[in-house]
Amino acid sequence: MKRSRMRWTILGLFLFSAIFLAIPTNAQIERNSLAQTPPMGWNSWNKFACNVSEDLIKSVADAIATNGMKEAGYQYVVIDDCWQVSRDENGFIVADAQRFPSGIKVLADYVHSKGLKFGLYSDAGSKTCAGRPGSQGHEYQDAIQYARWGVDYLKYDWCNTATRNVEEAYSTMSNALLSTGRPIVFSMCEWGTGKPWLWGKGIGNLWRTTGDISDKWTSKKKWPNGDCCEYGMVDILDLQVDLAPYAGPGHWNDPDMMEIGNGGMTIPEYRAHFSFWALLAAPLIAGNDVRSMTSEIKEILTNPEVIAVNQDKLGHEGHRIHKDGDLEVWTKILNDGSRAVILFNRGASDSDVSVSWEEIGYPNHLSSKVRDLWAHKDVGSFTGSYSAKVAPHSVVMLKIAP
Ligand code: GLA
């Protein structure tokens, strides 16, 4: 072949594969059509770990249906690890009969009867993180079983996967779920190691971006085997800084389930935790005992103005626009053109934090209405900038409308 012809052939092949690979497949389009706003719900792990049972899940569903959480938008009731014990002679997954005596289908029906949705957990490896049977080699069989049971959401972990390829593993389960014909939101729990934000769109509806959260403001504790880490809330926040461009309707960055109400942080710290998860367009998955929370905790988890920021249909993930030592400003663009803004003080004393119109993309001369989303008050109209005193380890969360 002549050199010039060869060059054209190579260029043609390159263009063909670039175009071909960039066109999403039907499966990717279908996957991305679920979870158009960040999923909201509850998961058993942060509070109850392996102590899960039919009674617990039913009473949690009862609580969510009646305590204002359902009205606020919480939908998915998800059992994390430890509901499963073995496989039967045909390879089907078997639930713990002691803890779930009526079986998973009856439990899912119960959750549905409360107007809520039902979720389960599995793992892409041979075993889950708590050592229960994983889905490796059983993906289609498990997906069929979940669909028969009425599962609406699957969290899929990454323990005991040995040398398994991460994209292959998550694509296999994503396709298996789609093949059932039941819309099942797919939550990828790969801890961010394989940078799922770069390839996860069209495979998962949400993907964990970090290791596990702990109920602390800050902490970086290694696991007993030396692997890194369990993180505090602000350590996780710091790891989200560059990830905003990768999220959108149907595909969200997941900074892990919330710890609000589990007792390890103060009320202002939990308010900051909720404000940031809302601004980051993160899944709002409560992780506390919602059957017995205080009214202060319930007010945080059900603040309608903050939830509206999270559920805004534009699906923009907020990002940091300004950092000056312990003082930061974050913003999220909302569908009506207004901005949600967090004035954040990580420090130990009261500080003034200010946001300029320029940094949120408004002209300086614009007179804009400022509303405080925790005080539930319009604070007035301002031109050029707004500043507020922010208490230690606290936020002021605003909506600024042109
Ligand atoms: C991993 C996950 C957690 C939880 C546990 C269950 O650590 O990251 O969120 O699901 O496994 O064993």
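Predicted model: local features only at pLDDT ≥ 70, side-chain atom pairs only at ≥ 80, totals over all residues.
Residues are numbered from 1 along each chain as its sequence is written, and side-chain values use heavy atoms, with hydrogens and water left out.

**View 1. Trp158 and Tyr170 form a tilted aromatic pair.** Rings of Phe, Tyr and Trp (its six-membered ring) pair if their centres lie within 6.5 Å; planes under 30 degrees apart count as stacked, over 60 as edge-to-face and the rest as tilted. Here the centres are 5.6 Å apart and the planes 35° apart. Trp158 lies in the loop between β6 (153-157) and α8 (166-179) and Tyr170 in helix α8, so the pair ties together parts that are 12 residues apart in sequence. Helices (H or I, at least four residues) and strands (E, at least two) are DSSP runs, numbered from the N terminus. Both Trp158 and Tyr170 are buried, where buried means under 20% relative accessible area, exposed over 50% and partly exposed in between (1.4 Å probe, protein chains only).

**View 2. Trp83 and Trp149 form an edge-to-face pair.** The structure holds 14 aromatic pairs. In the pair of Trp83 and Trp149, the centres are 5.8 Å apart, with 80° between the planes. The pair links distant parts of the chain, 66 residues apart: Trp83 is in the loop between β2 (76-78) and β3 (84-87), and Trp149 is in helix α7 (residues 139-149). Trp83 is buried at 0% relative accessibility, and Trp149 is buried at 12%.

**View 3. Asp256 is buried in the loop between β12 and α10.** The loop runs between β12 (252-254) and α10 (267-279), and Asp256 has 2% relative accessibility. A polar atom of the Asp256 side chain lies 2.8 Å from the backbone nitrogen of Ile213. Leaving aside neighbours within four places in sequence, Asp256 is in contact (heavy atoms within 4.5 Å) with Arg208, Gly211, Asp212, Ile213, Ile236 and Trp277.

**View 4. Helix α4 spans residues 54-66.** Its buried residues include Leu56, Ile57, Val60 and Ile64. The buried residues of α4 pack against β1 (40-43), α3 (45-48), α5 (69-72), β2 and α6 (104-113). Gly68, which follows α4, has a positive phi near 100°.

Terms used. Polar contact = N/O pair within 3.5 Å; in protein donor to acceptor, adjacent residues only side chain to side chain. Expected span 1.5 Å × (residues − 1).
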